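The points start at the interface and then move to features inside each chain.

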Amino acid sequence: MLPAMSAHPLHTAVSAQDWPGCRAVLDAAGPMERTALIRAVAGLPDIEGFLTAVLRADPADGTASALLGEHLLHRVRAIRAEDRPWYELDDRATLTRELLCRAEQTLIDGAVQNPADPAIWSARLVSAHGLDLGPAETRRRYQRLLAAAPDHLPGQFDMLRSLYPGRDGSWEPAHEFARETAAAAPPGGAHGALVAAAHIDHGLVDPDRGLSHTEVLTAYLVQEPVRAEIQRAAERSGVPTGYGRLGFLNLFALCFTLLGDQPAAARMFDHMGDRAAEDPEALDDLGAGNPWARLGDAVHEFGEARERALGGAK
Amino acid sequence: MITRLEVDGVPALHAPADGPMHAGLVFRVGTADETLPLRGITRLIEHLVTGAPGSTGPEHTYFHTRGTPTEIADFLSGVCTALRNPSADRIAEARERMTAPRDRDPLPMWRYGARSYGVASYPEWALPGLTTDQVGDWIARWFTRANAALWVAGDEVPGGLSLDLADGTRQPAPRAVTVLPATPAWFTGPDGTAGWDTVVHRDAGAAVFATVLERRLQHELRDRAGVAEDARTEYEPRADGTARILALAEAVPGGQDGALGGLIDVLAELRAGRIDEDEVGTVVKHTGVGLRDAESRGARLPGQAFNLLAGRAVQTLDEALAEVRAVTAGDVAAVATAAYDAGLLMAPGTGGADWAGYTAAPTMSETVLDGRTHRGRGDRNLRLISGADGISVVEGDVVGTVRYDACAAVLAWPDGARQLIGEDAVMARVEPTLYRDAEQVVHDVDQWIPERLRIGMPPRDRDRIPQPRPATEREEEPVDTRRPLITLLVAGMATLFVVAGGLGVLTMMLTQGPSGGVLGDVGEYGLVASASVLFGTFTGRIALDSAVELRRQQHARNPARSD
């Protein structure tokens, strides 16, 4: 969730089914913030009817298409995460397929009306992945995203995830994508976060060895090529100034903490300022999930790591 | 300027043309007039008549040549002479020249089944077995004076030209009846190509739409995404006032899913009416230039000759230009919507296109016919049902039913295999090796299917004849049979023994009394007797179960008997 999302004006407007209010917030946001905001409210319950009515009144409203598409994709994730007891029929595959098809058709129509809307093309990367449409189609959609908005980090995260291998596949294409995208990003961008995120996901892909997540991830990160790549990505990126700044700092703070590089971790915590410490919800402004939650209790892990890195300095 | 005239009773069109003189003779016959058992006969006649390539399309077959007036007159007169006497030798020669395999377009079969326009999707099965009589009959029906038109592009109609054709009647184009229950639809096509076709009202707007679609596909698939080597569309006007529009995208290696996704997006774009006035303007301009150029070379004449055969008016260049110039973006958008709704997607790979809102085209039958059931040998999933109405083949959930009154053809192999093809293109294959007592079914099929629907196939190599599947299942079979038998024997013996023993003890108890016997008192006798009854019931139950199992197995082996 974005900073105090439940108090965010967009949250209020969506909950109140106030579409002009939603558009006012979203139209004022930058392209990347807009995509992230749409995703942040996509999980709100019972908004399908509201958004369908908005689209019926104006089929060309790309923002409504993107939000409805993301809402349906959110429901797919929620259903997948459900546990079904053995005595109940497991119809999750049918349900998710049907939702994915509806999301995709909403997004096809949305993309037709708004061919340069990066939120729609980002969502279409997620639906392509969910529907298993294939690598060439995913790449085609990514190219459409780049044509609409170069360096669109939310969609680049989706592209990165779609490159993650299944069982026994190679992670190299994902790392290569992260490296190249980070290298090509404009100065001040948070795109280096792709490199750190890919390594954290790679390191935790197979955590079931009787070890804690911290131990498993540390063992992965300390490998020399991995360590060097993370360090290089942090150095090249500097400190991001805009979208995804906190998410970036946190991903690298976590990596440096586990690598035992306290000074580097301290620099990351330092740049976060005090607000992040007061409001741990604010840490994930990349929409990629709070990285500290990967190790256990996010607030606890974050607090402890920050304490250790900053030590007596703060 | 096109002028109408008549040569030996054949309606003709003449127009002056730049460059060398050329002319053609067209007949209103094509692959859509063929049936499966005669598939290929039209093209065979085309090859029979001329060594030079002519052309056989769905509705028309034409013979075309360039040269001096004398050469043209000789060629066309030669065509007519050749049609007069198709000898067996020349049929054999033509067949030799036609051996190269041809690319087949699967889309018509999915839209029309195994009839009319769908026939073009099938192999030219008739070629090996065509007789001189069949060829003669086909010529007599279709290649006649009344069913022909001539065009000549050049200074004048050659003086020595004579068209000595047999008399006959003008043949209307076949009716196009779709087998698709719902559109837009999709089916799984060959790897490497994403395709789509549709049928719309035939007019200049539809032709412009086809070109707009081609440009969009080239832009999106080839230039922007790089997922296709090339993309093209074809606009095929038909005699019945409709036109087929075909789009094909040849994917780069590994790019077929992107080619399909891009094609789906472009179609959605056009359907939504996102058509630029400028784009339409450009296409209209190009089309106008093309029409003028075609007019100067006499290249519009064949299409106008086809119009003559369809009873349509001959269109002058000015009329054609005016029609094209009047096309607006709104017209193209209207065509796009109709085209989308009637569309049929050919999706490569395994992902289909239901995710984009397309309905799966039927791949099998909905009903299983009543009749005698023949089970698969060693495969419980497989059933063959032969009834008075037709044949059903059931493999798990997959059903292939062909009714005898809607059968398009039967492929017949010398080893007894039969493949029935329904008019809806569903197939039911009778492989005698795979079913119990399948010879009966082969006999049924041969009885019910008239000779004219039979297509004789060449003998198959032994390894091409399918054999009953899993060897493991067949090895288990004797074990399955023997186990209940042994159980029955053992349990039966035990039952007899125990029950006899129990009865013995009971008799002893009743006749000799407790004191004189082996056992101590009445209680012990009672205990032994009741234990015998209990154990006897138990073993008896086991014996009964195995007897039932044995009976079931015998029935399963001879289904014909049990029914």
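How many residue pairs are in polar contact between chain A and chain B, counting pairs with both residues at pLDDT 80 or more? The count is twelve. The model is a predicted one, and the points below should be read on that basis.

1. Extent of the interface. Chain A puts 21 residues into the contact and chain B puts in 22. Together the two chains bury about 1,600 Å², and 51% of that area falls on carbon and sulfur atoms. On the chain A side, 32% of the area buried against chain B comes from Val112(A), Arg140(A) and Arg144(A), more than from any other three residues.

2. Charged pairs across the interface. Five salt bridges are counted between chain A and chain B. Arg144(A) takes part in a salt bridge with Glu220(B), where the closest N and O atoms are 3.0 Å apart. Arg144(A) is also one of the three residues named above for buried area.

3. Elements on the chain A side. Three helices of chain A each supply at least two residues to the side that touches chain B: H6 (92–113), H7 (118–131) and H8 (135–148). The most comes from H6(A), with eight residues. By residue class, the side of chain A that touches chain B divides into nine nonpolar, four polar and eight charged residues.

4. Backbone between two of these helices. Asp132(A) sits in the loop between H7 and H8 of chain A. Its phi is near 60°, a positive value in a residue other than glycine.

5. Salt bridges overall. Over all chains, the count comes to 51 salt bridges. One of them joins Arg23(A) and Asp61(A), with the closest N and O atoms 3.0 Å apart. Arg23(A) belongs to helix H2 (residues 19–28) of chain A, while Asp61(A) is in the loop between helix H4 (48–57) and helix H5 (62–81) of chain A, so this pair ties together parts that are 38 residues apart in sequence.

6. Helix packing in chain A. Helix H12 (residues 213–221) and helix H14 (residues 245–259) of chain A have axes that come within 9 Å and cross at roughly 85°. H12(A) and H14(A) are therefore roughly perpendicular to each other, given that angles of 65 to 115 degrees are put in that class. H12(A) makes the contact through Thr214(A), Leu217(A), Thr218(A) and Leu221(A), and H14(A) through Leu254(A), Cys255(A), Leu258(A) and Leu259(A). These residues divide into six nonpolar, two polar and no charged.

7. Helix packing in chain B. Here the helices are H6 (residues 204–224) and H11 (residues 329–341) of chain B, whose axes come within 9 Å and cross at roughly 80°. H6(B) and H11(B) are therefore roughly perpendicular to each other. From H6(B) the contact uses Gly205(B), Ala206(B), Val208(B) and Phe209(B); from H11(B) it uses Val332(B), Val335(B), Ala336(B) and Ala339(B). The residues of this contact divide into seven nonpolar, one polar and no charged.

8. A cis peptide in chain B. The peptide bond from Thr183(B) to Pro184(B) is cis, and its omega is near 0°. Pro184(B) is placed in the loop between strand E6 (148–153) and strand E7 (185–188) of chain B.

Technical notes. Residues numbered from 1 in each chain as written. Chains lettered and ligands numbered in written order. Predicted model: local features only at pLDDT ≥ 70, side-chain atom pairs only at ≥ 80, totals over all residues. Heavy atoms only, no water. Axes fitted to C-alpha atoms, helices over the stretch in contact; angles between N-to-C directions. Helix = DSSP H or I, 4+ residues; strand = E, 2+ residues; numbered from the N terminus. Parallel < 35°, antiparallel > 145°, perpendicular 65-115°, else oblique. Contact = heavy atoms within 4.5 Å. Nonpolar A, V, L, I, M, F, W, Y, C, P; charged D, E, K, R; others polar. Buried area = accessible area lost by both parts, 1.4 Å probe. Salt bridge = Lys/Arg side-chain N within 4 Å of Asp/Glu carboxyl O. Polar contact = N/O pair within 3.5 Å; in protein donor to acceptor, adjacent residues only side chain to side chain.
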